[in-house]
Amino acid sequence: MSSDSSYYVPASSRMPIFMAFGLLLFVLGASFTMNNWGEEDSNAHWLLIASFAVIWGTMFFWFGSVIKENDSGMYSGQLNQSFVWGMAWFIFSEVMFFFAFFLALGYVRLFAVPWLGGEGEKAITNILWPGFEAAWPLLVTPDNEQFPGAHHSMSIPAVSKLHTWLPFWNTLCLITSSGTIALAEAGLRKGNRTAFKLWMVATLTLGYVFVFLQGLEYYEAYTHMGLTLGAGIYGTTFFLLTGFHGFHVCLGAIILTIMTIRGFGGAFSDHDHFGLAAGSWYWHFVDVVWILLVLVVYIF
Amino acid sequence: MSAVIDSHHDDHHHGPAKGLSRWLYTTNHKDIGSMYLWFSLVMLFIGGAMAMVIRAELFEPGSQIVSPEFYNQMVTNHGLIMVFGVIMPAFVGFANWMIPMQIGAPDMALPRLNNLSFWILPVAFGILLSTFFMEGGAPNFGWTFYAPLSTEYAPPTVTFFIFSVHIMGASSIMGSINIITTILNMRAPGMTLMKMPLFVWSWFITAYLLIAVMPVLAGAVTMMLMDIHAGTSFFKAGGGGDPVLFQHIFWFFGHPEVYIMILPAFGIVSHIIETFSRKPIFGYSSMVYAIASIALLSFVVWAHHMFTVGMPIAGELFFMYSTMLIAIPTGVKVFNWLSTMFKGSLTFETPMLFAIAFVALFTIGGLSGIMLAIAPADFQYHDTYFVVAHFHYVLVPGALFSLLAAAYYWIPKWTGKMYDETLGKVHFWMSFISVNLTFFPMHFVGLAGMPRRIPDYAMQFADWNMMVSVGAFLFGISQLLFLFIVLKCIYNGKAATTEVWEGAKDKGFEWTVDSPAPYHTFSSPPSMESLKSSS
């Protein structure tokens, strides 16, 4: 029971209360902005912008102090293990967030839409919208005036046209990037910093290409396919699932960008690089979500 | 900036900061635990005041005091505050105070995150309560906020409600990550999982449930937000969605949530019963397996809340039988508590009184739960006061009594002073009598068909309702007495010993440290031997 037997407790910190204040600004800003949407004299969006400044600023200093404490050797192996558990359970909570949206998609496809189409022995719902036919992707909604549906779906085309299908390239990008980040970590563990930096840049490039292609896909959906958030349940589930996934890719890309910049600045050693490892787990997590998403949103 | 505590010498120099900054910037699990507990006590009185308004309105049939619109806001916010603002934060407060002390840890694993988890709670509830003063009034769609009542027909303040639920969820998730990490990583050497105190076990499983289902709730309110502001059609049949989808997602969160509010109570009651029976808990490992089974089953029973919504018969049957399965592990726990007391040297201090009342009255709530689980019978009970009676029996003489018991049980360890035993017993008997007066007659009016959530009722329910209201007012006053007892204990209590309770000797590390517990409990891990040698 030598060094590991003494406990480390950080002294009191101003960071959490600043973060709480940032979240207060965020909730007020977001709520007022949404409720006053379209009103010209609303200033609520400034509140929202201020909240981002407070939240990002706090995170900068908070993580900064953690890095400093770690560099000065204050952290024991036990504390580092706490960070590992913390990150793992955080990713589990993210998995469950996506689970809610997958659950919604599954329920809609297996039950809600078929029932609207008259399936089931006691179905009466097709009295409301006579002639509605259940289909997936649902391009013609029950109430086509309120929810105009879409002209085309995002589903997988014939194999010969696969190269024109954006999700194909997106999948390629993300899966490859999971490999490149593993190579970057392996390089770092072996002490090969050149390989580490190179593979990090490759990972980031692939990540940003993914975000760009996803943006392109949304642009296509809105301008040429009539597929919008308001198009009905197909557009709803498509945009919310890919949108939240894309948002998490962006977060992951930001995390990895910071890790890369720190790496170029000489941070991380072959045995002490939890920030990078955590970012890498997060990246693998968005990759796995994407594979599930491709299967249930685009292919089947 | 920070300090390494590696000797007793440092310990004494590292006491609490002075003034407000102590509470704003603290990373100490005891400070944060106290803030959680005071916060939930304040919320108890706010949510309780709303219950008083509800009972005053229902004192007699007809429209009495408040408008039906305001009544809806009262019912909604009473539920939200009691669930998310009282029971949950109070258990987190106990977890903060007791888990590090029970497992021999210096503090929680992630102390700064711990501070953040607490301080965003007042943010969330400040925003929720501020909606009372906004145009359109506070949320009025019930604590279960079913779509489309909470989407198409909701007041504009629903946006604030949605974000405040997000913040409450974030607080719970961060708090749970912290608790689960503490338990997995900070136990004293030699404390294997199956040697952990039962309160720690119950929180371990509760934290897992919270991390698993709070994100699902976040997903549900996000879908509401999109339906309201972005034109999506999750809960709109016209676009191919389904309002029933909301209920499925909500109750997928909601049923584990119900157990989140009771599992830590099981841990607390186990400790109290073993202490005042002067025996080790009967069937320790079966207690652990029972908690785990209840937690796992809670993921596959959610649709018993929606038997009348229009489900395929196979669904009704599946959810009926899976629900009834939960009676088995719950029964194991109840019989284990009884067996612990059997042939024990019982004494009946206030914590024990509350704990015994918990076992008896929680069982009443559990039995009415089995009645509700019977799908064909539920068609009669659904949305009546019978349901209100059922969940109040598990939440008030269940969860809340366990919290009061825990407060009496551990307050000498926190403050170093004893509470007034006579007043504590008065508080118990007042609470016990009034809680039954309040909630037992609800079974009768419910079975007779009185619907819940309605500000008026038919004449034949008048007598019972008046009795319920009298009981509710009495219960409200009794809790003011609790506040007085706590304050009297802090300012004017007699000094408590290290052991505090005669039967507590070998029941956990918390009884080996001074009363009051020092600001930093352990500077190095205590050994399991110190626990045994004192017994």
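**Figure 1. The contact between chain A and chain B in the predicted model.** Chain A brings 69 residues to this contact, and chain B brings 74 residues. Together the two chains bury about 6200 Å² between them. Carbon and sulfur atoms give 75% of that buried area. The size of an interface is often expressed in this way, as the accessible area lost when the parts come together.

**Figure 2. A salt bridge and polar contacts between chain A and chain B.** The count of salt bridges between the two chains is 1. In this salt bridge the side chain of A:Glu69 meets the side chain of B:Arg112, with an N to O distance of 2.9 Å. Polar contacts between chain A and chain B are formed by 12 residue pairs, both residues of each pair being at pLDDT 80 or more.

**Figure 3. The side of chain A that touches chain B.** Five elements of chain A each supply at least two residues here: the strand β1 (7–9) and the helices α1 (15–35), α2 (44–71), α3 (77–116) and α6 (233–264). The largest share, 24 residues, comes from α3(A). Sorted by class, this side of chain A has 49 nonpolar residues, 17 polar residues and 3 charged residues.

**Figure 4. The domains of chain B.** The domain assignment divides chain B into domain 1 (30–225), domain 2 (262–496) and domain 3 (498–535). Between domain 1 and domain 2 of chain B, the C-alpha centres lie 18 Å apart. The contact of these two domains takes 47 residues from domain 1 of chain B and 54 residues from domain 2 of chain B.

**Figure 5. The interface of domain 1 and domain 2 within chain B.** About 4100 Å² is buried between the two domains, and carbon and sulfur atoms give 78% of this area. How many salt bridges cross the interface of domain 1 and domain 2 of chain B? The rule finds 0 salt bridges there. Polar contacts between the two domains number 9 residue pairs, with both residues at pLDDT 80 or more.

**Figure 6. The side of domain 1 of chain B that touches domain 2 of chain B.** The elements that give two or more residues to this side are the helices α3 (29–57), α4 (68–103) and α7 (198–229) of chain B. The helix α4(B) provides the largest share, 13 residues. By class, the residues of this side divide into 35 nonpolar, 8 polar and 4 charged.

Technical notes
Residues numbered from 1 in each chain as written. Chains lettered and ligands numbered in written order. Predicted model: local features only at pLDDT ≥ 70, side-chain atom pairs only at ≥ 80, totals over all residues. Heavy atoms only, no water. Contact = heavy atoms within 4.5 Å. Buried area = accessible area lost by both parts, 1.4 Å probe. Salt bridge = Lys/Arg side-chain N within 4 Å of Asp/Glu carboxyl O. Polar contact = N/O pair within 3.5 Å; in protein donor to acceptor, adjacent residues only side chain to side chain. Helix = DSSP H or I, 4+ residues; strand = E, 2+ residues; numbered from the N terminus. Nonpolar A, V, L, I, M, F, W, Y, C, P; charged D, E, K, R; others polar. Domains from an automatic or database assignment.
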